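Please read it alongside the coordinates.

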Amino acid sequence: SRIAAASRARSPPQDRELLSSMASPTPVSVFTVALLAALAAPVNAGILRVPLRRQAAAASPGDPAGGAAAAAAPDEALLSKAASFAYSAPPKPRRSRGSPGGDKPGTEEIVLTNQADVIYYGEIRIGTPGQPFTVVFDTGSANLWVPLPAAVSDVAAAGGMEHNFFDGALSSTYEATDEVFQIAYGSGAVSGDFCRDNVAVGDLLVENFTFAEVDNTSGFPGYDNVSFDGILGLGFRSISEGGVPTVMAQLVASGQLDEPVFAFYLGDGGESGQLVFGGVDRAHYVGRFHFVNLSHVSYWAVHLDKVRLGTVLNMSISRNAIVDSGTSLLVGPKTEVEVLTKLMGAVNISGYWVVACNSSAPSLGFSLGGRDFSLDFDDLVIGRAGHLCLLGLDHQDSNFWILGDVFMRKYYVQFDWGRKRVGFARASPAGRAAPPNFV
């Protein structure tokens, strides 16, 4: 996903100040293509590279990343969590059960393939008959796009990942337009044209929906080597490129959902994730939801009371946090991240925060709506190399935090579109017999 590079003229007046405050000279990437590319191949520095908003490359032959980086030895230890990136079709979606022995209408469960705990994607279908695509369901953007064959170079097509490509000629409901589409992520940009066709998310159908068919990913390094096809944004229309309607807004307007909400469970250690439209799945959380109202209707942004590091530090500097399923890490303002990591005993190696695995670093907590949501040391670690652990933290030049997958793996998140709020509960692997709780 991405954070807008500038406020949009069509944004409501109350949103413009916040959108402007979230702007940066270049769009902030919360997209994970470069991260996946880094996991998939060794790098000279001997440490997992996580290029999110900046396109940090592996050390060049003339600059073998000496010093501290060289001390972070075996690539294999970090790369084992991403041992295979071969394409595999995601499991079929299924209706969530509302009562024993029967399907509950208006709810849909999408199983999310978990790729190395850094990205989660599921299947949709476009056209008549439906053509399958795997997409990242991204709460940090608002457009849907899928690729055309021209989006992948001939070289990549021969040696990269297998992609599904859209073919409007095969759909009886396809309608082309002459409207140009372009969206910029910090990791790069894709472009193409808007078009209209039917979009199916499981058994939910959005007819004559405006999305983009992308024919140019040359500005998006790493796209050729990931195993998903496109992006489906779940943010609000105020951040939609072209101002086009969003999938969630259309689903709500169509009356197909029991309630105007969707909810994420992100599996850990390779376990599949789950996205439910129209309700929540009680089997994947414990306790009750704590709800926090949105600070504005664009991104899923909430007021951040404070950031806490154990009993060592309380900070109340940045006052907004964006909950973003399209971001692999926790991303915070540079100064705050530097203070936190110093107190945790972490060192920066080639731009990434590394700490001894036997560290007794305190928990990192975010206070939202008057309640603390803590992440222990093990929750923060995304890779290991011998005695060194890589933390799932990155920084940016901004005054807000992004609570990405590192946060969402520990906390089940309900995105309440209708009431413009976000609900948090402790996530739990499936296994209990409790029925789903449809809000």
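Two strands pair if DSSP finds at least two bridges between them. Strands (E, at least two residues) and helices (H or I, at least four) are DSSP runs, numbered from the N terminus. The model is predicted: local features need pLDDT of at least 70, side-chain atom pairs count only at pLDDT 80 or more, and totals for chains, interfaces and linings use all residues. Residues are numbered from 1 along each chain as its sequence is written, and side-chain values use heavy atoms, with hydrogens and water left out.

**The open sheet**

Strand S21 (residues 352-356) runs antiparallel to strand S25 (residues 388-391), and 3 bridges join them. Within this pair, valine 355 stands opposite cysteine 389 in S25. Both strands belong to an open sheet of 4 strands, in the order S20-S21-S25-S24, with antiparallel pairing. Strand S20 (347-349) and strand S24 (381-385) stand at the edges with a single partner strand each, so one side of each has no neighbour in the sheet. On average, neighbouring strands of this sheet are turned by 40 degrees against each other, direction ignored. Such axes are lines fitted to C-alpha atoms (for helices, over the stretch in contact), and angles run from 0 to 180 degrees between N-to-C directions.

Is strand S10 mostly covered or mostly open? S10 (residues 188-201) is mostly covered, with 11 of its 14 residues buried. Buried means under 20% relative accessible area, exposed over 50%, and partly exposed in between (1.4 Å probe, protein chains only).

| Partner of S10 | Bridges | Example pair |
|---|---|---|
| S6 (residues 119-126) | 2 bridges | isoleucine 126 and valine 199 |
| S9 (residues 175-185) | 8 bridges | isoleucine 183 and valine 190 |
| S11 (residues 204-219) | 11 bridges | serine 191 and asparagine 216 |

S10 and S11 also form a hairpin, with 2 residues between them. Glycine 202 sits in the turn and has a positive phi of about 60 degrees.

**Cavities**

How many cavities of 30 Å³ or more does the structure hold? There are 3. A cavity is a set of points, on a 1 Å grid over the protein atoms alone, where a 1.4 Å probe fits but cannot get out; lining residues have an atom within 4 Å of a point. Grid points are joined across faces, edges and corners, and a volume is the space filled by probe spheres set on the points.

The second largest cavity holds about 40 Å³ of space. Its lining consists of Leu112, Tyr120, Phe137, Phe264, Leu266, Ser325 and Asp405.

Terms used:
1 Å grid on protein atoms, 1.4 Å probe; cavity = no way out; pocket = protein on both sides within 12 Å on 5 of 7 lines; lining within 4 Å.
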